[in-house]
Amino acid sequence: MLLKRIWVALCGLAVLWAFAPSAQAAGIASLAPVAPVVSCASLASTDLSSALGAKAEWHASEVNGDKAYCQITGTIAPSIKVEIRLPLKGWTQRYLQTGCGGLCGNLRIDTGKAEGCAPVTDGSIILASTDMGHQGNDMAWGDDQHKREDFAYRSLHLTAVAAKSFAKAFYGQAPRYSYFAGCSDGGREALIMAQRYPLDFDGITAGAPALNFSVQNSFHHAWLAKVNTAPDGKPILTAADIPVLAKGVMDACDKLDGLKDGQITDPRACHYNPAMLECVGAYEAGKCLTAAQIATVRAIYQGARTADGKALEVGPLMPGSEKNWIGVFVPFAPDAPIFSGKIALDAINHVMFTPNPAKPYSVQDFPFTEAMFRQLEPARALYNADNADLSAFYAHGGRLILWHGWADPHISPLNTIDYFERVGAKMGKDKRDAFVRLFLMPGMGHCSGGDGPSDFPLLANIMGWVEGGEAPSAMVAKRATQTREGLPMGMRPNGAGPNGPDGQRRGPPDGMMPPRDGMRPPEGMPPRDGMPPRDGQFAMGPRPEGAPAGPPAGMMPPPQPKLPPRSRPVYAYPQVAKYNGTGSLDQAENFSAFTPEPVNGLAVWVGAK
């Protein structure tokens with residue numbers, strides 16, 4: 001036992017070392033830097049129409065600074081916007097493409113969770129991304145089948161083709177190693193690449209993947225909005241009701257793993273009865289829940305179902321995620337909109353059916369039936385990344401890291417667990433475990449944030465695995481930095497914000513703070529007049545005359561208490577971190593790997609394959 005603890009401590013220190021921005025993580029190869037062989041400006045005239053199978057226009061310009069690069073921007077017909085950044089010096093023969101969240105519509109390169117990954121933090125890697133074929137939040141693109149295909153998969157592949165072609169033209173050689181990283185819809189995009197274009201990338205990380213897109217953006221979010229809407233159209237639960245519920249869940253389930261530490265190691269073991277919170281006398285917000293509110297909580301924990309009880313999704317959101325419901329399907333105030341309803345109706349009425357519904361659905365009249373599920377099968381075939389056969393990606397030598405937060409309020413981690421299990425059932429567990437790893441983060445929200453540790457050296461681990469053959473068995477995760485009255489940083493869907501030279505996030509916490517001039521609005525909040533919208537969001541229109549500046553009333557989250565720094569090892573599924581019995585609960589070296597009893601197998605639902 002003593003030797004085991006020493007070994008685990010040493011492993012933990014090795015992973016902690018990877019957090020040092022200047023350090024080269026173990027396993028990442030030392031590749032000779034390659035210099036450009038032509039000028040940046042000359043790349044603008046590069047003709048890629050043959051390689052892309054489509055016309056394209058390109059612009060090239062040098063961007064100087066600590067990480068100087070040749071910026072290529074362009075449009076691939078009909079309307080796929082692409083940005084590519086080619087280092088002006090010191091390129092180490094690698095390429096990283098990053099995903100886009102929501103329904104996309106904006107062009108942004110995200111390089112989150114890059115601690116210890118020198119090629120990213122020192123700017124020696126090619127970076128690229130795409131807006132996936134449409135711009136802004138106008139859902140008219142859903143009327144064009146070609147643009148639907150661009151969003152589903154085509155733009156992702158063509159961006160990779162373009163980036164590698166420009167690399168060959170600029171440096172005289174293609175990348176030696178290629179990577180894709182994304183979270184949320186970016187996680188779906190990551191799996192799309194492994195499934196549809198298995199030769200494009202050597203290493204892929206897929207976080208909180210919206211792999212069951214046709215269900216996630218219809219039944220799932222529509223259900224959450226519907227069950228939290230009273231007959232008068234008002235929300236049943238608001239932000240004021242969540243603290244008492246979250247506390248009740250934590251009091252009941254925090255100790256299930258033998259440790260009271262403010263996070264639930266595996267919420268599948270938590271079976272909380274919200275009836276314990278029912279008001280004895282008059283309802284008082286924050287003190288108790290009404291019978292209607294308890295019924296709503298039960299429906300949320302149950303997940304989307306038919307009238308006769310058949311599950312319409314892989315699994316519901318997990319106990320322990322309650323604080324993160326606020327701003328998604330639990331509004332901040334009684335008059336604030338329910339964002340889940342917007343998510344669902346944008347997809348249902350504009351991109352799921354061919355043709356689109358003549359009479360748009362509302363959340364209340366959308367049918368939760370098997371018949372409706374079957375009507376969505378064409379959308380499933382187009383958008384979903386649920387194919388468990390990764391044989392071609394495996395044969396290519398590809399490596400895949402799946403990761404998900406247990407407290408995700410958008411996408412249930414049960415989707416990712418089920419996909420991992422189905423890959424094992426399809427290909428055999430031994431073969432799966434040779435090229436796929438799954439990491440589940442207790443207390444982490446959607447792609448980042450939450451009460452649990454959520455920053456970890458993801459990119460360093462995928463590169464170390466691909467280049468050095470070192471399969472990650474554990475990663476040390478750190479609690480996200482607390483700023484601005486204790487609000488956690490890093491709530492952007494791709495798990496990244498604007499990065500400083502060391503790869504750390506800078507600026508206000510995405511998804512939580514009110515908009516400022518030139519900044520994106522928080523996720524789940526409509527943009528103010530003149531503000532660029534976030535992924536898949538809707539324009540709010542001009543501010544009424546005389547209205548105060550800043551976010552709409554009731555849309556700003558309340559201040560949260562600051563949480564102490566915490567680091568924890570997160571082990572490859574199904575292993576979990578178990579306290580060694582001594583030392584601080586907030587230090588990773590005091591935990592070791594433990595394999596619990598198996599919880600369940602493949603999900604039973606109407607879409608099971």
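**Buried cysteines, disulfides and cores**

Me: Why is Cys117 called buried in this predicted model?
Reply: The relative accessible area of Cys117 is 0%. Buried means under 20%, so Cys117 counts as buried.

Me: What makes Cys183 and Cys447 a disulfide?
Reply: Their sulfur atoms lie 2.0 Å apart. The cut-off for a disulfide is within 2.5 Å, and therefore the pair qualifies.

Me: Why is the disulfide of Cys183 and Cys447 called left-handed?
Reply: The torsion about its S-S bond is about -95 degrees, so the link is left-handed. By contrast, the link of Cys100 and Cys104, with 95 degrees, is right-handed.

Me: Which parts of the chain does the pair Cys183 and Cys447 link?
Reply: The pair links distant parts, 264 residues apart. Cys183 belongs to strand β6 (residues 177–183), whereas Cys447 is in the loop between β9 (436–441) and β10 (453–455).

Me: How do you know whether Cys447 is buried or exposed?
Reply: Its relative accessibility is 1%. This value is under 20%, so Cys447 counts as buried. Cys183, at 0%, is buried as well.

Me: What makes Cys279 and Cys288 a disulfide?
Reply: Their sulfur atoms are 1.9 Å apart, and the limit is 2.5 Å. Both Cys279 and Cys288 are buried. The structure holds five disulfides.

Me: Which residues have the most contacts inside the largest nonpolar core?
Reply: They are Ile84, Leu86 and Phe219, in a core of 121 residues. Helix α4 (residues 145–171) contributes the largest share, 13 residues. A second, separate core of 33 residues includes Cys183.

Definitions and conventions: Residues numbered from 1 in each chain as written. Predicted model: local features only at pLDDT ≥ 70, side-chain atom pairs only at ≥ 80, totals over all residues. Heavy atoms only, no water. Core = buried A, V, L, I, M, F, W, Y, C linked by side-chain atoms within 4.5 Å. Buried < 20%, exposed > 50% of the residue type's maximum accessible area, 1.4 Å probe, protein only. Helix = DSSP H or I, 4+ residues; strand = E, 2+ residues; numbered from the N terminus.
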